[in-house]
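Student: Please take me through one part of this model closely. I want the geometry with the cut-offs behind each term.

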Amino acid sequence: MKRSTVAKVAAGSALATVAVTGATVAATDVVQQVTQITSGQQGAAPVERGMAAPYRPMRDANVNDEADYLARMVANHHEAVAAARQLQRSDRPKMRALGASIATTQSAELGTMRAWLDTWYPGRSGTGTGYPPMIRDLSRLSGDALDEAFLCDMTDHQMMGVVMSQQLLTSGRARHHEVAAFAVRARDAERAEIFRMQRDLADRFGGWALPCGMQS
(Lines give C-alpha, C1' and ligand atoms only; values in the text may rest on other atoms or scores of the structure.)
Protein backbone atom coordinates (compact mmCIF):
# COMPACT_ATOMS: atom_id res chain seq x y z
CA MET A 1 0.00 0.00 0.00
CA LYS A 2 1.25 3.47 -0.83
CA ARG A 3 2.57 5.48 2.08
CA SER A 4 0.00 8.24 1.44
CA THR A 5 -2.79 5.69 1.76
CA VAL A 6 -1.34 4.36 5.01
CA ALA A 7 -1.11 7.92 6.32
CA LYS A 8 -4.77 8.50 5.46
CA VAL A 9 -5.79 5.34 7.31
CA ALA A 10 -3.76 6.43 10.33
CA ALA A 11 -5.08 9.97 10.28
CA GLY A 12 -8.65 8.80 9.97
CA SER A 13 -8.27 6.49 12.94
CA ALA A 14 -6.68 9.24 15.01
CA LEU A 15 -9.73 11.42 14.43
CA ALA A 16 -12.19 8.75 15.53
CA THR A 17 -14.27 9.89 18.46
CA VAL A 18 -14.58 7.81 21.62
CA ALA A 19 -17.42 8.15 24.13
CA VAL A 20 -15.87 8.79 27.53
CA THR A 21 -17.33 9.35 30.98
CA GLY A 22 -16.03 9.53 34.52
CA ALA A 23 -12.63 7.94 34.87
CA THR A 24 -12.26 7.56 31.11
CA VAL A 25 -12.27 11.34 30.70
CA ALA A 26 -9.35 11.61 33.09
CA ALA A 27 -7.46 8.84 31.30
CA THR A 28 -8.02 10.44 27.90
CA ASP A 29 -6.67 13.74 29.21
CA VAL A 30 -3.58 11.94 30.49
CA VAL A 31 -3.02 10.23 27.13
CA GLN A 32 -3.25 13.57 25.34
CA GLN A 33 -0.86 15.28 27.73
CA VAL A 34 1.66 12.43 27.66
CA THR A 35 1.53 12.45 23.86
CA GLN A 36 2.32 16.18 23.92
CA ILE A 37 5.27 15.58 26.21
CA THR A 38 6.75 12.76 24.13
CA SER A 39 6.30 14.66 20.87
CA GLY A 40 7.95 17.77 22.27
CA GLN A 41 4.83 19.94 22.03
CA GLN A 42 4.73 23.06 24.14
CA GLY A 43 2.03 24.02 26.59
CA ALA A 44 1.39 20.57 27.98
CA ALA A 45 -0.09 21.10 31.40
CA PRO A 46 1.36 18.94 34.18
CA VAL A 47 -0.69 15.90 35.10
CA GLU A 48 -1.93 15.97 38.66
CA ARG A 49 -0.25 13.35 40.82
CA GLY A 50 -3.55 12.12 42.19
CA MET A 51 -4.98 11.81 38.71
CA ALA A 52 -2.41 9.62 37.02
CA ALA A 53 0.63 7.51 37.65
CA PRO A 54 4.11 8.97 37.00
CA TYR A 55 4.87 9.38 33.31
CA ARG A 56 8.63 10.03 33.34
CA PRO A 57 9.38 6.84 31.33
CA MET A 58 7.06 8.16 28.59
CA ARG A 59 9.81 10.57 27.60
CA ASP A 60 11.60 7.48 26.26
CA ALA A 61 8.64 6.47 24.08
CA ASN A 62 9.58 8.45 20.96
CA VAL A 63 9.18 6.29 17.86
CA ASN A 64 11.77 6.90 15.14
CA ASP A 65 10.28 4.77 12.36
CA GLU A 66 8.12 1.72 11.75
CA ALA A 67 10.90 -0.75 12.59
CA ASP A 68 11.62 1.10 15.83
CA TYR A 69 7.92 0.98 16.72
CA LEU A 70 7.73 -2.76 16.16
CA ALA A 71 10.93 -3.43 18.10
CA ARG A 72 9.76 -1.32 21.05
CA MET A 73 6.32 -2.92 21.03
CA VAL A 74 7.94 -6.36 21.06
CA ALA A 75 9.82 -5.36 24.22
CA ASN A 76 6.64 -3.81 25.64
CA HIS A 77 4.54 -6.91 24.98
CA HIS A 78 7.21 -9.28 26.28
CA GLU A 79 7.22 -7.42 29.59
CA ALA A 80 3.41 -7.40 29.74
CA VAL A 81 3.11 -11.14 29.10
CA ALA A 82 5.65 -11.98 31.81
CA ALA A 83 3.82 -9.77 34.32
CA ALA A 84 0.34 -11.00 33.33
CA ARG A 85 1.37 -14.61 33.95
CA GLN A 86 2.13 -13.69 37.56
CA LEU A 87 -1.60 -13.14 38.06
CA GLN A 88 -2.12 -16.89 37.93
CA ARG A 89 -1.30 -16.64 41.65
CA SER A 90 -3.96 -13.98 42.36
CA ASP A 91 -6.69 -14.77 44.87
CA ARG A 92 -9.27 -13.04 42.63
CA PRO A 93 -10.78 -14.93 39.66
CA LYS A 94 -11.31 -11.63 37.84
CA MET A 95 -7.61 -10.78 38.12
CA ARG A 96 -6.59 -14.25 36.95
CA ALA A 97 -8.90 -13.82 33.96
CA LEU A 98 -7.40 -10.40 33.19
CA GLY A 99 -3.89 -11.83 33.30
CA ALA A 100 -4.83 -14.75 31.07
CA SER A 101 -6.46 -12.41 28.55
CA ILE A 102 -3.45 -10.11 28.35
CA ALA A 103 -0.99 -13.01 28.13
CA THR A 104 -2.94 -14.76 25.36
CA THR A 105 -3.60 -11.64 23.26
CA GLN A 106 -0.16 -10.13 23.52
CA SER A 107 1.66 -13.44 23.01
CA ALA A 108 -0.12 -13.80 19.67
CA GLU A 109 0.72 -10.20 18.77
CA LEU A 110 4.36 -10.85 19.69
CA GLY A 111 4.50 -13.59 17.07
CA THR A 112 3.00 -11.31 14.44
CA MET A 113 5.35 -8.40 15.15
CA ARG A 114 8.44 -10.62 15.21
CA ALA A 115 7.42 -12.07 11.82
CA TRP A 116 7.09 -8.55 10.41
CA LEU A 117 10.50 -7.59 11.74
CA ASP A 118 12.07 -10.74 10.27
CA THR A 119 10.40 -10.13 6.90
CA TRP A 120 10.73 -6.38 6.49
CA TYR A 121 13.57 -5.43 8.83
CA PRO A 122 16.01 -8.35 9.21
CA GLY A 123 18.28 -7.91 12.19
CA ARG A 124 15.90 -5.69 14.13
CA SER A 125 14.39 -7.04 17.33
CA GLY A 126 12.94 -6.06 20.68
CA THR A 127 16.39 -5.78 22.26
CA GLY A 128 18.72 -2.80 22.27
CA THR A 129 15.86 -0.35 21.73
CA GLY A 130 16.34 1.71 24.87
CA TYR A 131 12.91 0.57 26.03
CA PRO A 132 12.66 1.34 29.79
CA PRO A 133 11.34 -1.48 32.04
CA MET A 134 8.06 -0.33 33.56
CA ILE A 135 6.85 -3.21 35.73
CA ARG A 136 8.44 -4.15 39.04
CA ASP A 137 9.33 -7.72 39.99
CA LEU A 138 5.99 -9.30 40.93
CA SER A 139 7.33 -12.76 41.70
CA ARG A 140 7.61 -12.15 45.46
CA LEU A 141 4.21 -10.49 45.86
CA SER A 142 0.90 -12.16 46.66
CA GLY A 143 -2.67 -11.30 47.64
CA ASP A 144 -3.68 -7.66 47.55
CA ALA A 145 -0.06 -6.55 47.12
CA LEU A 146 0.24 -8.51 43.87
CA ASP A 147 -3.07 -7.26 42.47
CA GLU A 148 -2.44 -3.63 43.34
CA ALA A 149 1.14 -3.61 42.05
CA PHE A 150 0.05 -5.22 38.78
CA LEU A 151 -2.82 -2.79 38.20
CA CYS A 152 -0.67 0.18 39.12
CA ASP A 153 2.37 -0.72 37.03
CA MET A 154 0.40 -2.11 34.10
CA THR A 155 -1.53 1.16 33.84
CA ASP A 156 1.78 2.97 33.25
CA HIS A 157 2.91 0.20 30.94
CA GLN A 158 -0.18 0.21 28.75
CA MET A 159 0.00 3.99 28.55
CA MET A 160 3.40 3.53 26.91
CA GLY A 161 1.83 1.30 24.27
CA VAL A 162 -0.95 3.82 23.63
CA VAL A 163 1.53 6.67 23.21
CA MET A 164 3.88 4.76 20.90
CA SER A 165 1.00 3.59 18.72
CA GLN A 166 -0.50 7.07 18.52
CA GLN A 167 2.89 8.54 17.63
CA LEU A 168 3.32 6.10 14.75
CA LEU A 169 -0.16 6.87 13.45
CA THR A 170 -0.01 10.66 13.65
CA SER A 171 3.59 10.93 12.38
CA GLY A 172 2.85 9.12 9.13
CA ARG A 173 5.83 6.81 9.68
CA ALA A 174 3.87 3.59 9.17
CA ARG A 175 5.06 2.08 5.88
CA HIS A 176 2.77 -0.94 5.77
CA HIS A 177 -1.00 -1.05 6.02
CA GLU A 178 -0.78 -4.07 8.33
CA VAL A 179 1.31 -2.14 10.87
CA ALA A 180 -0.94 0.93 10.75
CA ALA A 181 -4.00 -1.25 11.34
CA PHE A 182 -2.20 -3.05 14.18
CA ALA A 183 -1.28 0.28 15.81
CA VAL A 184 -4.95 1.32 15.77
CA ARG A 185 -6.02 -1.95 17.39
CA ALA A 186 -3.22 -1.85 19.96
CA ARG A 187 -3.92 1.77 20.88
CA ASP A 188 -7.64 1.23 21.33
CA ALA A 189 -7.33 -2.12 23.15
CA GLU A 190 -4.68 -0.88 25.58
CA ARG A 191 -6.59 2.34 26.23
CA ALA A 192 -9.66 0.25 27.09
CA GLU A 193 -7.52 -1.82 29.46
CA ILE A 194 -6.28 1.36 31.12
CA PHE A 195 -9.87 2.44 31.79
CA ARG A 196 -10.71 -1.01 33.18
CA MET A 197 -7.67 -1.06 35.45
CA GLN A 198 -8.44 2.48 36.65
CA ARG A 199 -11.88 1.31 37.72
CA ASP A 200 -10.44 -1.75 39.44
CA LEU A 201 -7.89 0.37 41.31
CA ALA A 202 -10.60 2.79 42.40
CA ASP A 203 -13.01 0.03 43.46
CA ARG A 204 -10.50 -2.09 45.37
CA PHE A 205 -7.72 0.21 46.47
CA GLY A 206 -9.09 3.74 46.35
CA GLY A 207 -7.21 4.75 43.22
CA TRP A 208 -3.50 4.82 42.39
CA ALA A 209 -1.31 4.22 45.39
CA LEU A 210 1.44 6.75 46.01
CA PRO A 211 4.10 6.13 44.91
CA CYS A 212 2.91 4.10 41.94
CA GLY A 213 4.86 2.31 39.26
CA MET A 214 8.59 1.97 38.75
CA GLN A 215 10.65 4.18 41.01
CA SER A 216 13.26 6.62 39.76
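Tutor: Ile 135 counts as buried because its relative accessibility is 12% (buried is under 20% relative accessible area, exposed over 50%, partly exposed in between, with a 1.4 Å probe and protein chains only). The model is predicted, so local features need pLDDT of at least 70 and side-chain atom pairs pLDDT 80 or more, while totals for chains, interfaces and linings use all residues. Residues are numbered from 1 along each chain as its sequence is written, and side-chain values use heavy atoms, without hydrogens or water.

Ile 135 sits in the loop between helix 4 and helix 5 (143–171); helices are DSSP runs of H or I, at least four residues, numbered from the N terminus. Thr 155 lies 20 residues from Ile 135 along the chain, and their C-alpha atoms are 9.6 Å apart.

Now take helix 4 itself. The axes of helix 4 (residues 93–120) and helix 3 (residues 66–86) come within 8 Å and cross at roughly 150 degrees. Helix 3 is therefore roughly antiparallel to helix 4 (angles over 145 degrees). Axes are fitted to C-alpha atoms over the stretch in contact, with angles from 0 to 180 degrees between N-to-C directions. The crossing is left-handed: the near helix is turned anticlockwise from the far one by less than a right angle.

Which residues meet? From helix 3 they include Leu 70, Val 74, His 77 and Val 81; from helix 4, Ile 102, Leu 110, Met 113 and Trp 120 are among them. Contact means heavy atoms within 4.5 Å. The contact residues divide into 15 nonpolar, five polar and four charged. Ala, Val, Leu, Ile, Met, Phe, Trp, Tyr, Cys and Pro count as nonpolar, Asp, Glu, Lys and Arg as charged, and the others as polar.

Conventions:
Helix = DSSP H or I, 4+ residues; strand = E, 2+ residues; numbered from the N terminus. Parallel < 35°, antiparallel > 145°, perpendicular 65-115°, else oblique.
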